[in-house]
Amino acid sequence: MATDISLKIQSIIEKRQPLAKRVEKVETHLTSLQQYIQRLIKERNNFIPQLNDSQTSEILQGINLPQIEQEITTNLTIISKLKARFYRQTLNIGVVGKPRQGKSKFLQTLTGLTRHEIPDGSGQHCTGVMSIIYHQLQAQSTTGKVYSHSQKSLLEEVIKLYYEDLSLGTTPQKFDDFINRGLPALPSNITNKVDQAKYEYLKRYKEHYPQYKDLFNLKPIFPITQEKIREYVAQDDVDGKQVYYNYLAVKKVEIKSQFPHSDIGQIAVVDLPGLGDTGVGDVERMIKVLSQDVDFVLFMRKPNPGGDYWDKDSDVGLYDKAQKGIPTIPLSRWSFLILNKTAPDSEQGDNSKNCHGFLDELPNTRMEFADCIIADCANTKETANVLEKILQYLTENITELDHKYALTFENKLIKLSKNLQAELEKASSALQQYAGDKRLFQKSFKQFWDKLTNTLQPYLETIELASNQTDETFQEEVNKVIENCQKLSSIPKSVEQIKKDSNISGSYTEAYSRYLHIIRTDLSKQFLFLDGKIQDSLDAVKSEIGRLLTDKVQLGGLTDLREIEFLKWMAEHIPGDLINLKLGFDTISDFNVSYAGIIQRQVRQHINQLNPDKKTLSLTPDLEKLRSEIEEILDPEKYNINKIMAQFQTIEQIKDWWETRLSNLLKSGNISDDEKIKSELLLEKMEKEISTKNAESSEKVLIEIQKIHQRVIDLCKSDLDKLLSEPKQLAYAMVAEFVDRILRAEDIKDDWEIFLDDEQVRQKVWPEFKTMANRIKIQRNWQSLVEQIMDINRLENMSFL
């Protein structure tokens, strides 16, 4: 290969450097321009609310600075890529094509690398990620550098594309969620095999996470030895077994090696995975690589010896997609077509006839290339010939292509500059009348009064509509307290604990009394946590009123204090002779409620039931009560209750007699339905009393404590539930009183006018009343900023050719 090609390539790269520096200079100007425009936008946004001049505001808002700023951002991204392209120290040749077209074999033959570094194969799996192979003269060994994904970039740049393409719903927020949660099922309306294959490919990222997860613990860029390269670029080993999964978390791999033809100069070849191998997003990644990392593209096609044809979708479709890499230059100017010829003794057989047939049919496909070559990509000599033709073409044409490529973007920048200049001229004249335009107080006050009325009245109506609704924040606090009441540590946990405490106290009755006292005080303590919660809700409303006055009504300039503190400031600084106005702010500032006044009186009546004087402990059945219940059932004219009860000493004896009596009556049928029901209920009750009587005293104490504890909690919750709308009702009363005082009271408008007409107050509320010097200062600052931008925006600053 001619040495002069190496020198020409070196010359091209050297010639690119001044252009790269000029592009970098334009980038600097563009960045500065963006910063100044952002300052101008900020200045405009800051003083438009202060203008009180609809005409001037309309002119300023009509200056389309945000769109210009967005266009600059877009062009900065493009310029950055252009700069990187021209600063690059190699000419990069990208090799694209469908899978199994001989791309890898061509690159192996060209670079002298093997299947260990450039994967090839006839099976389903082959190249996994893009690799850039640099020719490095006098390289001692072949080395690699891996650019790996983070969990975030893998989720955003890869996994998200699958979810969107396959309609799998919302992409998980975190990569761990994707790994640990089940994969959404493929929608039932997706039945084609291509999408099903994509879904299976997506599953690899979950199923083989253990095989590639260690990459997330490494640096995003790390070196590897030659022996490790295939583990990061391939989907299978040299025997075709799919054992590698690192490629799933790898963006690209850079390889540095000395090519067999050492005189070819500073070049690099880019190995792109065959379209269809890598699933969703492979086309977008190819377009991105062609636009950023490639100077020239090589299309590889290997016609099938058994018969083949140019396919409209796969061949022409690939060509159309590649054109999007550099849409401003026809692909025919920066691409070759290589028809990969296979020898008669090869595994595929002789396809030379079909290669010529493809060449003959090429004009009918609308695909155009700078050159079309039939070559055996496994043949070192023929591959070298292909490379020589490519490099010869580049040395003769790359300067022109670079110029056309750069000119396209320069034209965009010039157009952007002209559009910006038109907007700057509007900006320059926008404030010409501003400094001499006086603002009358009555005009400003009228606008203020409209804002005050149209802000507070709708807010009052909103508060009124919600006044009977549950305050959800207060409800949540009540529920927390009730929940804590249910979990009191002072409630005995077992009969064993009660036995132990009764031994210490001297009796079960003493232990029971002690428990009630402790539980009562603990419950009362829990409800103290509600102290201030209603006030919190009221304070939130006060804060909103303060915010409305400072932000919506624009009284914020009076003080740096905000929300409740602003209301207090107003109450303190409104003169005492403005009685109604001052009273309004005094009232809302001092509007407070107490725990004792609302909540404590509701719950205390129930908590007091936990008093042993009111709730005594009985460890034996109440026979007198039982006697009364029997009297209600038996006819006193037929039965002598005193005589009957005198026969029995225990509840067990009474129960046996009652059970026998009931059985006899049922057999004879001489019993009414009502008496039968009452008799059976009484029998059931006596059986329960006997069961309870037979239980230990400690268990009775536990049951009684639990029962009264739960009853008190239920009663407290019932009463508190009735208060859940109390915060909103109080809020409405507070706001209604405030609005009446500062909007509806007699002569209140006069009070406001007197207050705002004070010179210092007026200047704080309406900055235009400060001094005309302030307006002049604003105008000069604005004009100075516009002129600085105009200076940066000169057309010569946007040109690099």
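The following dialogue explains how to read several features of this predicted model.

Me: On what basis are the residues numbered, and which residues count in this predicted model?

Reply: Residues are numbered from 1 along each chain as its sequence is written, and side-chain values use heavy atoms, with hydrogens and water left out. Because the model is predicted, local features need pLDDT of at least 70 and side-chain atom pairs count only at pLDDT 80 or more, whereas totals for chains, interfaces and linings use all residues.

Me: How is the packing of two helices described, and at what angle do helix 19 and helix 20 cross?

Reply: Helices are DSSP runs (H or I, at least four residues), as strands are (E, at least two), numbered from the N terminus. Axes are lines fitted to C-alpha atoms, for helices over the stretch in contact, and angles run from 0 to 180 degrees between N-to-C directions. Angles under 35 degrees count as roughly parallel, over 145 as roughly antiparallel, 65 to 115 as roughly perpendicular and the rest as oblique. Here the axes of helix 19 (residues 564–573) and helix 20 (residues 579–589) come within 8 Å and cross at roughly 140°; the two helices are therefore oblique to each other.

Me: Which residues of helix 19 and helix 20 meet?

Reply: Contact means heavy atoms within 4.5 Å. On the side of helix 19, L567, K568, M570, A571 and E572 meet K582, F585, D586, I588 and S589 of helix 20. The residues of this contact divide into five nonpolar, one polar and four charged. In these classes, Ala, Val, Leu, Ile, Met, Phe, Trp, Tyr, Cys and Pro count as nonpolar, Asp, Glu, Lys and Arg as charged, and the others, Gly among them, as polar.

Me: How do helix 16 and helix 26 pack?

Reply: Helix 16 (residues 495–505) and helix 26 (residues 697–721) have axes 9 Å apart, at an angle of about 105°. That makes helix 16 roughly perpendicular to helix 26. V495, I498 and K499 in helix 16 meet S698, E699, V701 and L702 in helix 26.

Me: What is a nonpolar core, and how many residues does the largest have?

Reply: A nonpolar core is a set of buried Ala, Val, Leu, Ile, Met, Phe, Trp, Tyr and Cys residues joined through side-chain atoms within 4.5 Å. Buried means under 20% relative accessible area, exposed over 50%, and partly exposed in between (1.4 Å probe, protein chains only). The largest core has 140 residues, and F178, Y205, Y212, F299 and F800 have the most contacts inside it. Helix 13 (residues 380–430) gives the most to this core, with 17 residues. Apart from it lies another core, of 77 residues, among them I534, F566, M570 and I588.

Me: Is G546 buried or exposed, and which residues does it touch?

Reply: G546, in helix 18 (residues 533–552), is buried, with a relative accessible area of 0%. Not counting residues up to four places away in sequence, G546 touches E563, F566 and L567. The C-alpha atoms of G546 and E563 are separated by 4.0 Å, although these residues are 17 residues apart along the chain.

Me: Where is R230 found, and is R230 buried or exposed?

Reply: R230 is found in helix 9 (residues 229–233) and, at 3% relative accessibility, counts as buried. Among the residues that R230 touches, not counting those up to four places away in sequence, are D120, D236 and D237.

Me: What is the phi value of Q554, and where is Q554 found?

Reply: Phi of Q554 is near 65°, a positive value in a residue other than glycine. Q554 is found in the loop between helix 18 and helix 19 and, at 31% relative accessibility, counts as partly exposed.
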